[in-house]
Amino acid sequence: MTKILLLGKSGQVGWELQKILPLLGELVAVGSAELDLTDFNAVRRLVRELKPEIIVNAAAYTAVDRAEEEAERAMAINATAPGVLAEEAARIGAWVAHYSTDYIFDGKKGSPYLEEDSPNPLTVYGQSKLAGEKAIRETGAAHLIFRTSWVYGLRGKNFLLSILRLAREKEELGIVDDQIGTPNWCRTLAEATACAIECINCNPAIKSGLSGIYHLSAAGKTNWYEFAGRILAADPLKQEQLCRKLNPIKTDSYPAAARRPLYSVLDNRKFQAAFGFLFKQWDCYLRDLFGEGA
Ligand SMILES: NC(=O)c1ccc[n+]([C@@H]2O[C@H](COP(=O)([O-])OP(=O)(O)OC[C@H]3O[C@@H](n4cnc5c(N)ncnc54)[C@H](OP(=O)(O)O)[C@@H]3O)[C@@H](O)[C@H]2O)c1
């Protein structure tokens, strides 16, 4: 049975992976309490002890604004630790599945980003995630690097939960309408990841050709203002909402430490073609989430 090591089991994506990966093999899942990614020796020890065939790294430093003040920590968790993981994976011939972000792009392209488009991160977070991609690739380990965007779910910290909370506290909300991207339900990301892992597990003949970077994203695009409207419309407990009006505002009038790309839609065709996974429109997943619950 394939042994899979999952890091970041309590995060949005990690939580969902913890539920689905046992279908594919023997899963050992750890969170920050069991393994601190800034302890590089502990990272090495764990991989050497377990000798997994697949390592899935869903752990990351994801506080985009705080990273501007904590560059060293963001780099350690998002770049150095994934590099160490991949080095160890290369030693034992294991695969590394890892997540990266749309924020490695500067947003100037204006049409969906392809995997080979030139990155130009605007923020420390984006730089640290890009450095993580590079660190993994340089080890020569077989890898699946999944860039995704605007992750939400019913756990943790995300835009959907913030909007649901704020709509119960305030009568009007100002929401940015000039950043364009694609929201992704963490459960879909875990399902797509499982599909890719199943492919590399079951097809030894083609698996080495699958190593690479993939854009993992629902279809379509929106902006935060429209996304907020859809969230509030789909909220099954609408009667609890105090909010009567959403006001579109511009990025410039919403102060944040880290500058977001104005356009970060990811072209998902490479992933779909490689792994036979068809992504639905982003808003279908929003409806699925409210229909199915946590
Ligand atoms: N969230 C987004 O909108 C977004 C967008 C694009 C790409 N991504 C990428 O997608 C991946 C998954 O994101 P997510 O939203 O699921 O992240 P998340 O909910 O913020 O979870 C991150 C996990 O990393 C763990 N972690 C943080 N520091 C750690 C450390 N020093 N040692 C060990 N574990 C540590 C956290 O553990 P604790 O909970 O114990 O602190 C947490 O469980 C990440 O690679 C992220 O960069 C996310």
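**View 1. Helix 1, tucked into a predicted model.** Seven of the nine residues of helix 1 are buried, so the rest of the structure largely encloses this helix. The model shown here and in the other views is predicted. The buried residues of helix 1 are Gln12, Val13, Gly14, Trp15, Glu16, Leu17 and Gln18. Their cover includes strand 1 (3-7), strand 2, strand 3 and strand 4, together with strand 6 (151-152) and helix 6 (186-202).

**View 2. The shell around the ligand.** Helix 1 turns up again here: with three residues, it gives the most to the shell around the ligand. Helix 1 (12-20) and strand 4 (95-101) each supply at least two residues of that shell. There are 28 residues around the ligand, and those that come nearest are Gly11, Gln12, Ser32, Ala60 and Tyr99.

View 3. Six strands make up an open sheet in the order 2-1-3-4-5-10, and their pairing is parallel. Which strands stand at the edges? They are strand 2 (26-30) and strand 10 (212-215); each has a single partner strand, so one side of each is left without a neighbour in the sheet. On average, and with direction ignored, neighbouring strands of this sheet are turned by 20° against each other.

View 4. Strand 1 and strand 2 run parallel and are joined by five bridges. Within this pairing, Leu5 stands opposite Val28 in strand 2. In a regular strand, side chains alternate between the two faces of the sheet. Strand 2 has one covered face, made of Leu27 and Ala29, whereas the face with Glu26, Val28 and Val30 is uncovered.

**View 5. Strand 5, covered on both faces.** Compare this with the previous view: strand 5 has Ala142, Leu144, Phe146 and Thr148 on one side and His143, Ile145 and Arg147 on the other, all of them buried. That makes seven buried residues out of seven, so strand 5 is largely enclosed by the rest of the structure. Strand 4 runs parallel to strand 5 (residues 142-148), and seven bridges join the two. Two pairs to look for are Val96 with its bridge partner His143 in strand 5, and Ser100 with its bridge partner Arg147.

**View 6. Helices against the sheet.** Helix 3 (residues 71-92) lies across strand 3 (54-57), strand 4 and strand 5, and runs at about 160° to strand 4. Helix 4 (residues 124-139) also packs on the sheet, where it touches strand 4, strand 5 and strand 10. The direction of helix 4 likewise makes about 160° with that of strand 4.

**View 7. Inside the largest nonpolar core.** This core has 81 residues. Those with the most contacts inside it are Leu6, Ile55, Val56, Leu85, Ala89, Trp95 and Val96. Take Val56 as the way in: setting aside neighbours within four places in sequence, it is in contact with Ile4, Leu6, Leu17, Leu21, Ala97 and Thr193.

**View 8. Ser217 in its loop.** Ser217 lies in the loop between strand 10 and strand 11 (222-223). Is Ser217 buried or exposed? Ser217 has 30 other C-beta atoms within 10 Å, so it is buried. Apart from neighbours within four places in sequence, Ser217 is in contact with Thr148, Ser149, Thr182, Asn184, Leu266, Asn268 and Phe279. For scale, 23 Å separates the C-alpha atoms of Ser217 and Ala135, which are 82 residues apart along the chain.

**View 9. Two residues with positive phi.** Most residues other than glycine have a negative phi. Lys51 has a positive phi, near 50°, and sits in the loop between helix 2 (40-50) and strand 3. Trp150 has a positive phi as well, near 40°, and its place is in the loop between strand 5 and strand 6. What about their surroundings? Lys51 has 13 C-beta neighbours inside 10 Å and so counts as partly exposed, while Trp150, with 22 other C-beta atoms within 10 Å, is buried.

How values were computed: Residues are numbered from 1 along each chain as its sequence is written. This is a predicted model: local features need pLDDT of at least 70, side-chain atom pairs count only at pLDDT 80 or more; totals for chains, interfaces and linings use all residues. A residue is near a molecule or strand if its C-beta atom, placed from the backbone, lies within 6 Å of it. Helices (H or I, at least four residues) and strands (E, at least two) are DSSP runs, numbered from the N terminus. A nonpolar core is a set of buried Ala, Val, Leu, Ile, Met, Phe, Trp, Tyr and Cys residues joined through C-beta atoms within 7 Å. A residue is buried if 20 or more other C-beta atoms lie within 10 Å of its own, exposed if 12 or fewer, and partly exposed in between; C-beta atoms are placed from the backbone. Two residues are in contact if their C-beta atoms, placed from the backbone, lie within 7 Å. Two strands pair if DSSP finds at least two bridges between them. Axes are lines fitted to C-alpha atoms, for helices over the stretch in contact, and angles run from 0 to 180 degrees between N-to-C directions.
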